[in-house]
Structure formats: structure tokens, C-alpha cells
Amino acid sequence: LKCHHPAEFVAALLNSQPMGFYAPHTLMDDARRHGVEFRPVSPNHSAWDYTVEAPGVVRGGIRSVYGLARARAEAWVRERQTRPFESLRDFVARSGVRAEVLHRLALAGVFEELGWAHPREALWEILKLQNYEFPGEAPFQYDLFKNPNAYEQVLKEYAATGTSVRGHPIGALRALGYPLGRHTSADLARLRPGQ
């Protein structure tokens, strides 16, 4: 199965979590190395479970969102079956998702398909829709006043779902130019022993 149907294989393993040995991000990193593409949790396309959307393409399952009960997720899916969510305002009004989960979804970049390319701006819009008032300190551990770089965005996805469709945190650091050593694990096949 892993050799001939890697997307189906990894989706089934992710849907069986927690399993007690391989964490979801480990399974996803291995599947990426075998050509599987991952798409984020989607307001209009995700089911409770991870699903295979196309050959070699896995859509994030709502089950991966921390703090979201299955019954609430199923209500979200039923609601969008009446008509798709058209905007962030529409999602907030109709999904019934609790405030702290909405905040996590926003920071993870889930609302990009609804026109919110920047997670910070989606979060501010949600707070505005909820008439949120900040008594003293903002209740978030993230800096809301700047757009996240690639590494920060991966960390926010991990905080929301325990995984990232954008890749591994080390890959994001490499993309930002951080000096992490001369060689990657991908280089090992071409290096001489002891090198």
C-alpha cells in the first residue's frame, strides 16, 4: 500500500491517530518524500477524516484541529452542505465553532480560501466580528502585529493542528537562510563515509 498508494496509506494512518508511535508530522514528512501533496484543513472541503482528493493529494481532516469536538465538526460539515461558506463572516456566523478554535484556525491559515491570505488579518477580522475587547493583555502568545515569516507560519499550524501542510520547521528555517549545517539528510546518499 505504501509503495503503490502512498496517499491512501498515509490518510488511513492519520485517521487512526493516536497510534502511540509515529506522530502525524512524521508520517506526513515521510509521505512528502514519496511524492504526496498535502492540502490544509478547508472550511468548504475538509471532512472529519483526512481524505484523498486526487491521486497523490491528501486534504487535511478537521479531526486534526485542536479543541474541536467531532459533533461540532460534523455540524460544520452539515451546515456547509446546505450551501458553501462564502466568506469568513459567513463561516463565523454559521459554523458554530468556538472562539478559541476560530482563533487557532485563523492563525493556521485555514481561511485563505475565503480570501484571507494573511493569518493575522483573518484573526483580526474574527475578533472584530466577535466584538472582542482586550482587557489588558491580548490573550494570544503570538505577535499579532506583523505577518509571520515561513517558520512562524509553520509553528502556528503546528499549534492549531500538530502538523503543517507547508512542511517541516527545519525546512522553513533553511528557506529563510538560517545556517543549519553544511549537509541535509538528502545529501547523505552522495557523501563518502566519514565525510
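**Entry 1: helix H7.** I began with helix H7 (residues 150-161), which has 12 residues and reaches 17 Å from its first C-alpha to its last, close to the 16 Å expected at 1.5 Å a residue. The expected span is 1.5 Å times one less than the number of residues. Helices here are DSSP runs of H or I with at least four residues, strands are E runs of at least two, and both are numbered from the N terminus.

A note on my source: this is a predicted model, where local features need pLDDT of at least 70 and side-chain atom pairs count only at pLDDT 80 or more, while totals for chains, interfaces and linings use all residues. Residues are numbered from 1 along each chain as its sequence is written, and side-chain values use heavy atoms, leaving out hydrogens and water.

**Entry 2: the buried side.** Which residues of H7 are buried? I found Gln153, Val154, Lys156, Glu157, Tyr158, Ala160 and Thr161; buried means under 20% relative accessible area with a 1.4 Å probe, protein chains only. They pack against helices H2 (24-33), H5 (99-107), H6 (119-129) and H8 (169-175), with contact meaning heavy atoms within 4.5 Å.

Entry 3: Next I looked up the strands: three form an open sheet in the order E1-E3-E2, with mixed pairing. E1 (37-39) and E2 (51-54) are the edge strands, each pairing on one side only. Strands pair if DSSP finds at least two bridges between them. Three bridges join E1 to E3 (residues 57-59), and these two run parallel. I also noted that arginine 39 stands opposite arginine 59 in E3.

Methods. Buried < 20%, exposed > 50% of the residue type's maximum accessible area, 1.4 Å probe, protein only.
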